[in-house]
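Open the model in your viewer and keep the selection tool at hand. The stops below go from one side chain to the contact between two chains.

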Number of protein chains: 2
Amino acid sequence: MTARSDEGMWLLNDPPRKPLKEKYDFDLTDAWLARAMNASVRFNNGGSGGFVSPDGLIVTNHHIAADALQKLSTPGRDLYHDGFSAATRAEELKCPDLELNVLRSIEDVTDRVAAAVKPDAKPAEAAAARRAVMSEIEKESLAKTGLRSDVVTLYHGGLYHLYRYKKYTDVRLVFAPEHAIAFFGGDADNFEYPRFNLDVAFFRAYEDGRPVRAGHYFKWSEAGPAENDLVFVTGHPGTTQRLETLAKLIHRRDVTLPYTLYRLRTMEAALAQYAEQSPEKRRQAATDAHRVANARKAFGGQYQGLLDPKIMEKKKEQEAGLTMQLGLAGEVKPLTPEDARLKPWQAVAEAQTVLEKFEREYALYERGDAFPCELFTIARHCVRLADELPKPSAARLREYRDSNLESLRFELFSPAPIYPALQRTKLAAGLTFLAENLGGRHPLVTRALDGKPPLARAEELVAGTRLFDPAERKKLADGGKAAVEASDDPMVKFARLVDAEARALRKRYEEEVEEPERQAYAEISRLRFKALGRSVPPDATFTLRLAFGQVKGYRVGDEAVPFHTTFGGAFEKAEAQHNAEPYALPPRWVEGKGKLDLSTPFDFVSTADTIGGNSGSPVLNRAGELVGINFDRNRFGLVRNFVYTDEQARHIAVHSRAVLEALRKLYPAGPLVKELVGKE
Amino acid sequence: MTARSDEGMWLLNDPPRKPLKEKYDFDLTDAWLARAMNASVRFNNGGSGGFVSPDGLIVTNHHIAADALQKLSTPGRDLYHDGFSAATRAEELKCPDLELNVLRSIEDVTDRVAAAVKPDAKPAEAAAARRAVMSEIEKESLAKTGLRSDVVTLYHGGLYHLYRYKKYTDVRLVFAPEHAIAFFGGDADNFEYPRFNLDVAFFRAYEDGRPVRAGHYFKWSEAGPAENDLVFVTGHPGTTQRLETLAKLIHRRDVTLPYTLYRLRTMEAALAQYAEQSPEKRRQAATDAHRVANARKAFGGQYQGLLDPKIMEKKKEQEAGLTMQLGLAGEVKPLTPEDARLKPWQAVAEAQTVLEKFEREYALYERGDAFPCELFTIARHCVRLADELPKPSAARLREYRDSNLESLRFELFSPAPIYPALQRTKLAAGLTFLAENLGGRHPLVTRALDGKPPLARAEELVAGTRLFDPAERKKLADGGKAAVEASDDPMVKFARLVDAEARALRKRYEEEVEEPERQAYAEISRLRFKALGRSVPPDATFTLRLAFGQVKGYRVGDEAVPFHTTFGGAFEKAEAQHNAEPYALPPRWVEGKGKLDLSTPFDFVSTADTIGGNSGSPVLNRAGELVGINFDRNRFGLVRNFVYTDEQARHIAVHSRAVLEALRKLYPAGPLVKELVGKE
């Protein structure tokens with residue numbers, strides 16, 4: 001299926017030259033690839049973007065910019081809601097904690113990682129050895145190149161590649177439209193199409209106080225894509241589960257996803273209730289609320305997919321197909337359960353049985369689902385830095401390895417505002433959720449609650465902490481163990497109170513689940529490469545990938561859904577919905593309607609293979625010009641985590657012409673347009 | 001504690017004469033009681049009300065009228081949102097399926113019920129015998145009196161009383177204000193105080209096409225209550241758990257409530273997402289959404305209470321106190337676990353262990369949490385009527401006993417509108433919730449889903465059913481088993497598909513949990529009566545009770561919260577919140593502000609003991625005049641299910657003067673005012 005369909009989030013160092021040539025007669029050149037790599041940008045808060053001018057201008061989605069917009073806003077000035085436009089470079093707003101990464105090189109380090117793990121090592125030893133060698137490789141690379149260096153696990157343990165990034169931490173906001181047009185249709189239309197969203201924002205990367213001369217950038221296409229065009233998406237898809245075994249997917253369906261949906265609905269309800277209390281509280285909770293609602297819809301779609309026997313049957317066939325190919329040549333019956341070659345599949349299944357016993361505890365205490373507020377995250381980092389830094393880098397919890405410390409401290413000391421009442425609400429919701437999941441008698445619950453109901457406990461922790469102040473965090477982080485132990489800050493004490501149990505759960509997870517899975521998937525990958533070669537790219541890992549596809553409408557029942565929408569359609573939809581939330585166009589659009597060419601294409605779809613994390617990805621044409629900014633999938637694409645189809649599933653992008661038309665006619669953004677296309 | 005505090009939802013046939021005399025020097029006369037009984041009204045959709053004129057006029061809450069308001073609304077005419085006022089009796093709107101009950105008599109039938117159960121009966125036999133004798137008593141009573149007759153289980157099985165009601169099914173809407181003033185502050189202020197809500201509505205009961213001459217009614221007080229006044233609440237508190245054993249409360253905390261909150265948040269999220277799709281869909285989902293949000297907040301408060309070790313400690317002391325009193329005189333140490341007198345407590349604990357094994361399955365399949373839409377309820381009734389009616393009344397599932405059939409059919413054949421898209425959304429949410437709880441492999445899940453994902457399954461069931469049409473329901477209900485078996489209606493077939501399993505779960509629940517609990521509580525009650533007499537009234541059972549208390553403010557920290565709010569306060573609050581949802585006053589109020597006496601008391605609080613179901617309850621003064629309409633508790637009262645306190649916990653009522661002032665100055669309601677107080 002792969003060779004025929006447009007499936008694939010391809011590695012930049014193993015690009016899909018062959019299918020592109022065969023299906024689209026396109027020659028993927030090294031120069032094309034070099035630009036794709038060096039002009040694509042990773043937003044470390046979970047999205048993608050791309051350089052679009054020689055002066056460090058970067059385009060992404062409004063909803064990826066949301067975190068920065070929120071942090072730059074104040075009770076009197078709501079940039080997330082109202083948008084922003086810098087008239088001059090001097091007016092560009094520096095983001096408090098936005099880190100961007102640009103990929104510079106990829107190196108295969110699989111052999112070195114494999115060599116570090118002794119063949120007869122016990123799981124705990126193997127996990128420690130693997131973690132150590134990964135840290136070492138990263139530390140060496142950082143020392144040698146000065147670049148951020150991450151060893152990435154591909155094929156769930158089949159390959160290890162070292163990714164080196166140029167890092168930008170002085171990132172400034174240039175332009176964002178109003179939330180109402182960026183997210184027109186709101187949650188109701190999220191993951192739907194036709195859509196009418198100007199989901200774009202512009203930033204500029206700076207270095208030493210000057211705009212970055214990036215060297216590579218994508219030329220903005222004034223025309224945009226036409227129907228049936230071949231297009232490419234270069235971005236950072238977050239996670240997919242296509243190569244996971246059937247046993248793992250069943251575990252996700254029956255254990256992980258129900259828990260996840262339960263958690264998301266709990267947080268969504270808490271945030272909605274908070275937002276209802278006043279317009280200012282609505283403003284404070286806006287991005288949290290959007291993030292949670294978006295995740296709820298994405299995971300909800302995944303869950304419906306896994307409950308679809310047709311999809312599970314397909315996965316079963318894929319697995320049987322692979323294991324059959326491992327059988328004797330010419331023989332088409334599946335291997336018997338006793339066949340030693342099936343052992344890795346059984347090992348993954350066994351790991352799920354182990355995981356099921358403590359997955360909730362692990363997610364609640366160590367992943368932090370019970371403590372879902374920034375103040376706790378800060379407190380835990382302070383506590384753990386004190387414990388971890390004295391150890392050699394290779395022996396630390398992975399996020400405290402030397403090569404990651406700069407990014408961690410950048411985030412930890414962020415001056416972004418933290419709202420006490422919102423922290424209280426989120427923490428109370430998390431503590432309540434903890435009790436709901438484990439029961440009021442569970443030792444993890446009584447330990448965290450300390451003899452108070454969740455609401456009262458959250459209140460006392462937030463009321464007493466001084467971690468709102470970055471200087472206080474710095475004092476603790478720099479003061480080491482002595483400072484942390486001497487601290488009477490209730491949130492710090494709380495993070496200490498739950499730390500031993502959290503660490504124990506992590507250890508258990510890493511040794512009893514993650515390590516056996518990695519070893520099993522390493523073996524499965526070996527067998528897969530033998531049978532199928534590299535024709536199937538690895539699952540997504542929030543690293544740069546190249547996808548391609550065709551700009552193409554689709555059918556739903558009798559209805560033909562067009563490949564693009566228009567500005568006119570947005571006004572029609574708003575009118576049909578009485579301009580009521582979430583279909584209320586911003587005043588600027590209502591008043592400026594007469595100025596717009598209503599036939600301008602607004603959003604478009606293509607068959608290219610994307611997933612969450614691709615938000616903000618540049619969509620490019622054959623010439624490598626930017627013709628769109630990816631921002632969503634339609635609902636048929638929600639099962640892409642498990643299976644790719646191109647019958648109805650599409651990703652959705654803002655048309656490059658829409659951006660120009662809106663900027664020219666409605667916004668005070670002349671210089672921005674000029675920077676993009678050379679004229680206002 | 002009972003004698004000193006105002007705790008108690010007292011039985012009308014065992015009224016609190018003594019504490020009233022002792023604490024308030026008030027003589028509760030038979031005449032006072034007779035009026036309280038005959039002028040109080042039960043709203044069968046879950047609330048209370050009272051006659052307030054000799055011509056059958058009834059006051060209740062807007063949020064109790066909500067169900068009828070919604071059913072009387074159409075896409076063009078939103079009575080729930082905009083309110084309603086009948087200028088003449090001819091304009092009063094007949095509700096499609098509202099049944100009101102007025103209590104006429106109470107008779108103790110405990111001995112007869114007890115005598116029907118043989119001492120050596122097995123639980124299944126005992127349950128059947130008890131169900132049979134209850135049906136018999138009801139049937140005899142109905143035949144003899146023509147009154148609706150219900151045997152009510154008190155003290156969880158300690159006493160059985162026969163309640164006889166006059167029933168009204170021709171109930172017409174007279175007046176309702178706008179939702180925005182009835183529920184000013186929305187979910188944010190629900191269960192909070194100070195409040196500013198005109199949460200009232202008026203109906204009129206008719207018989208034979210003429211207004212009912214009720215005989216008893218409450219005179220409307222023009223003055224309303226003053227601080228420290230003794231007041232009474234006569235209404236129908238739904239359920240409390242104060243006399244449940246500690247083991248039962250722990251089970252609620254660790255099993256039932258977490259599940260309940262999970263379910264409510266699931267439904268709340270689904271309804272919120274539905275409402276966001278368009279203003280019309282928001283209208284359709286409005287009352288469902290309110291009901292679910294209200295329950296979520298109430299159960300959320302209960303849950304916080306049960307997670308409070310101080311409250312559990314108190315329950316423990318109460319239980320130890322009771323069991324100690326059963327010990328030898330003079331001895332104050334608790335009974336040893338081996339003492340036979342503790343057996344009923346152990347039996348309740350054992351019943352929880354049994355229940356835990358199948359509580360979710362029972363709630364999902366038999367209570368219907370997996371199928372939370374009206375169309376399924378209708379289909380199930382049609383299917384079950386066909387199975388049950390051929391049996392003798394005493395042998396049927398309890399809701400199909402002869403004495404209940406009229407009410408059941410009244411509801412079943414209601415012409416109230418049912419919206420397909422909303423049904424689909426609710427059913428899809430329920431089926432998804434089913435899978436989340438039991439896992440995709442569970443036989444109850446695969447049976448219900450029939451090889452489709454939940455969304456697709458809900459879609460096919462709702463798309464194909466003809467049960468929207470009351471005539472279709474009637475055909476099935478009257479056609480008996482042959483009609484049901486011949487039906488190809490997908491919803492009917494679905495109800496049949498899940499019926500055997502649902503019935504089995506119900507049987508298991510009734511025999512293995514309910515019956516052992518009843519027997520145990522019967523014994524506990526016997527011991528309690530011996531030790532404490534009847535000083536502790538039974539837990540609430542949605543039957544008429546009398547509560548009393550004092551009109552009184554309270555303190556929160558340093559802040560004194562006044563016993564009443566004013567109209568002026570409402571305008572201040574709206575202004576402080578920029579008149580934004582949910583603090584947007586209706587245009588009538590904004591424009592009419594100048595006409596109002598802003599010092600008019602709006603809402604007030606008292607210490608009287610109430611719980612959900614008391615909504616709409618008349619609040620009376622010593623003279624038996626109506627001084628308020630109860631509509632809520634403050635958040636300190638959320639734990640009243642388990643413990644009563646009067647330090648900060650209060651119920652909240654609309655002041656009788658507020659109603660008059662608003663009706664006189666803002667609404668075209670002259671005749672209504674005249675009917676209430678004799679002059680416009």
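Which backbone nitrogen does the side chain of D308(A) reach? In this predicted model, select D308(A) together with K310(A): the D308(A) side chain comes to 3.0 Å from the backbone nitrogen of K310(A). D308(A) sits in the loop between α10 and α11 (309–325) of chain A. With a relative accessible area of 11%, D308(A) counts as buried, because the cut-off for that word is under 20%.

Next, show both chains and select the residues where they meet. On chain A 42 residues are in contact with 42 residues of chain B. Between them the two chains bury about 3400 Å², and 56% of this lies on carbon and sulfur atoms. Pick out R265(A), E276(A) and Q304(A): these supply 18% of the area that chain A buries against chain B, more than any other three residues.

Now look for charged pairs across the interface. Four salt bridges are counted between chain A and chain B. One of them joins R265(B) to E436(A), with the closest N and O atoms 2.6 Å apart.

Last, colour chain A by helix. α8 (186–189), α9 (246–275), α10 (279–306), α16 (420–438) and α18 (454–464) of chain A each give at least two residues to the side that touches chain B. The largest share is that of α9(A), with 11 residues. Sorted by class, this side of chain A holds 18 nonpolar, 13 polar and 11 charged residues.

Key. Residues are numbered from 1 along each chain as its sequence is written. Chains are lettered from A and ligands numbered from 1 in the order in which they are written. This is a predicted model: local features need pLDDT of at least 70, side-chain atom pairs count only at pLDDT 80 or more; totals for chains, interfaces and linings use all residues. Side-chain values use heavy atoms; hydrogens and water are left out. Contact means heavy atoms within 4.5 Å. Buried area is the accessible area (1.4 Å probe) that two parts lose on being put together, summed over both. A salt bridge is a side-chain nitrogen of Lys or Arg within 4 Å of a carboxyl oxygen of Asp or Glu. Helices (H or I, at least four residues) and strands (E, at least two) are DSSP runs, numbered from the N terminus. Ala, Val, Leu, Ile, Met, Phe, Trp, Tyr, Cys and Pro count as nonpolar, Asp, Glu, Lys and Arg as charged, and the others, Gly among them, as polar. Buried means under 20% relative accessible area, exposed over 50%, partly exposed in between (1.4 Å probe, protein chains only). A polar contact is a pair of N or O atoms within 3.5 Å; within protein, one must be able to donate a hydrogen and the other to accept it, and residues adjacent in sequence count only if both atoms are side-chain atoms.
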